[in-house]
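Here are my notes on the model, as promised. Have it open on your screen while you go through the points.

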Amino acid sequence: MTEHVWSYKSTSGHLAGTDLTGYKVEAADGSIGKVDKHSDEVGDAYLVVDTGVWIFGKEVLLPASTVTRVDPQEKTLYVDRTKEQIKNAPEFHRDQHLGNTGYHEELGTYYGTGAPFGGRPA
């Protein structure tokens with residue numbers, strides 16, 4: 001099951017209802033872009049991050065569980081993945097994937113906490 005992947009960690013400091021649009025997003029090894037859209041929906045919380053020039057203007061979808069810390073003063077989110085891990089995630093297309101259960105399962109497995117760095121659990 002991958003449902004836990006789609007929820008904010010209680011230690012992240014995220015308060016439900018906070019508008020994260022425009023917040024900078026920092027991976028473990030540097031900046032990856034800004035939040036373009038997000039959801040606080042229970043069991044389906046995520047961030048859509050506009051990567052700007054980092055990955056040629058693409059967007060990435062990050063499950064809420066990747067957020068380790070929210071800094072409201074700096075308007076910055078910190079995630080527990082490297083730029084390479086995020087870049088290698090299943091490709092995201094907003095019009096195809098936002099409501100797509102199969103894609104969420106695939107991404108949940110990739111980012112799942114039960115396996116190292118998004119690998120499938122053994």
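1. Let's start in the sheet: in β4, what is the bridge partner of D50? Its partner there is E59. That bridge belongs to the pairing of β3 with β4, which is antiparallel and runs over five bridges. β4 is also mostly covered, with four of its five residues buried.

2. Before going further, a word on what we are looking at. This is a predicted model, and the average pLDDT of the protein chain is 86, with 89% of the residues scoring at least 70. The stretch I'd flag is residues 114-122, where pLDDT stays under 50. The model has 11 contacts beyond four places in sequence for that stretch. Where pLDDT is low, the predicted coordinates should not be read in detail.

3. The overall layout is quickly told. The protein chain has six strands and three helices, and from the N terminus on the order is β-β-β-β-β-β-α-α-α. Of its 122 residues, 45% are buried. Among contacts with a separation of 6 or more, 52% come from residues 24 or more positions apart.

4. Back to β4, and to V60, which lies in that strand. V60 counts as buried because its relative accessibility is 10%, against a cut-off of 20%. Not counting residues up to four places away in sequence, V60 touches L47, V48, V49, T51, I55, I86 and F92. With V49, which is 11 residues away along the chain, the C-alpha separation is 5.3 Å.

5. T51 is one of those neighbours of V60, and it deserves a look of its own. It sits in the loop between β3 (46-50) and β4 (59-63). Is T51 buried or exposed? T51 is buried, with a relative accessible area of 3%. Its side chain reaches the backbone oxygen of K58 at 2.5 Å. Leaving aside neighbours within four places in sequence, the contacts of T51 are I32, G33, G57, K58 and V60.

6. K75 is partly exposed, at 48% relative accessible area. What I'd look at here is the backbone: K75 has a positive phi of about 50°, although it is not a glycine.

7. On to the aromatics. How many aromatic pairs does a search of the whole structure find? It finds two. F92 and Y103 make a tilted pair, 6.2 Å centre to centre with 35° between the planes. F92 is in the loop between α1 (83-87) and α2 (94-97), while Y103 is in helix α3 (residues 101-111), so this pair ties together parts that are 11 residues apart in sequence. Both F92 and Y103 are buried. F92 is also among the residues that V60 touches.

8. The other pair is Y110 with Y111, and this one is edge-to-face: the centres are 5.0 Å apart and the planes are at 90°. Y110 and Y111 are both buried. Y110, found in helix α3, has a relative accessible area of 17%, and its side chain reaches the backbone oxygen of Q85 at 2.6 Å. The C-alpha atoms of Y110 and V5 are separated by 9.8 Å, although these residues are 105 apart along the chain.

9. Since both pairs involve α3, here is that helix as a whole. Its buried residues are Y103, H104, L107, G108, T109, Y110 and Y111. What covers them includes β4, α1 and α2. At the N-terminal end, N100 caps α3, with a side-chain oxygen 2.9 Å from the backbone nitrogen of G102.

10. The charged end of R69 sits over the ring of Y78, at 4.1 Å from the ring centre.

Notes
Residues are numbered from 1 along each chain as its sequence is written. This is a predicted model: local features need pLDDT of at least 70, side-chain atom pairs count only at pLDDT 80 or more; totals for chains, interfaces and linings use all residues. Side-chain values use heavy atoms; hydrogens and water are left out. Rings of Phe, Tyr and Trp (its six-membered ring) pair if their centres lie within 6.5 Å; planes under 30 degrees apart count as stacked, over 60 as edge-to-face and the rest as tilted. Helices (H or I, at least four residues) and strands (E, at least two) are DSSP runs, numbered from the N terminus. Buried means under 20% relative accessible area, exposed over 50%, partly exposed in between (1.4 Å probe, protein chains only). A charge sits over a ring if NZ of Lys or CZ of Arg is within 6 Å of the ring centre and within 35 degrees of the ring normal. pLDDT is the predictor's confidence in each residue, from 0 to 100. Contact means heavy atoms within 4.5 Å. A polar contact is a pair of N or O atoms within 3.5 Å; within protein, one must be able to donate a hydrogen and the other to accept it, and residues adjacent in sequence count only if both atoms are side-chain atoms. Two strands pair if DSSP finds at least two bridges between them.
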